[in-house]
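Hi,

Here's the structure I promised to pass on.

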Amino acid sequence: MKSDLYKKIFIATDGSEQNEKAVQHALELAKTCGAKLYAGYVVDTAAFASIPMDAGWEMMYELLEKEANDSTATVGDMAEKKSVPFEAVVLEGHPGPEIVKFAEEQEIDLIVMGTLGKRGLDHFLLGSVAENVIRNSKVPVLVVRGKSAEK
């Protein structure tokens, strides 16, 4: 069954286990609707704005960029198994505004996000990002409660 409602779906991913459920929802919706799935990871360069540009910063950026590529590649593998058209997207900046901007520029029909992100070196809390996207997006946003970090 194809749907005219969703032709382009964006899943915001951070590679965390907690975000897995949101990815599954996005894949299933894309498959059901015959939509193209965009998996996006935002490298939060704003978090490092106050750190001097040196070898340590570059090394940290490379780690985050690798994580972004790995996270979107994982979603890409899942999309391929379900025969869902797919495109990986790596953005830079503040996650919330970058997701909203990308969705508007690419005429995305639906943004899918999880409520919980991982708490690692980059302190990327997808919950606060989801709130920012919900408040500022002109595109519908589906927020999927993830696994509890305590389970």
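Before the notes, one term: a nonpolar core here is a set of buried Ala, Val, Leu, Ile, Met, Phe, Trp, Tyr and Cys residues joined through side-chain atoms within 4.5 Å. Keep in mind that this is a predicted model.

Let's start with the inside. The largest nonpolar core has 18 residues, and the members that touch the most others are Ile9, Ile11, Ala26, Ala30, Leu37, Val75 and Val112. Two or more residues each come from β1 (8-12), α1 (20-33), β2 (36-43), α2 (55-81) and β4 (110-114). The largest share belongs to α1, which gives six residues. Take Ala30 as an example: leaving out residues up to four places away in sequence, Ala30 touches Ile9, Ala35, Leu37 and Val84. There's also a second, separate core, with 17 residues, including Phe10, Ala12, Tyr38 and Ala103. As background, nonpolar side chains in soluble globular proteins tend to be buried together.

Now for the backbone. Most residues other than glycine have a negative phi. Which residues have a positive phi here? Ser83 is one of them, with phi near 60 degrees, and Glu107 is another, with phi near 55 degrees. Ser83 sits in the loop between α2 and β3 (86-92), while Glu107 is in the loop between α3 (95-105) and β4.

Are these two buried or exposed? Exposed means over 50% relative accessible area. Ser83 has 60%, so Ser83 counts as exposed. Glu107 is exposed too, because its relative accessibility is 62%.

Happy browsing!

Terms used:
Residues numbered from 1 in each chain as written. Predicted model: local features only at pLDDT ≥ 70, side-chain atom pairs only at ≥ 80, totals over all residues. Heavy atoms only, no water. Buried < 20%, exposed > 50% of the residue type's maximum accessible area, 1.4 Å probe, protein only. Helix = DSSP H or I, 4+ residues; strand = E, 2+ residues; numbered from the N terminus. Contact = heavy atoms within 4.5 Å.
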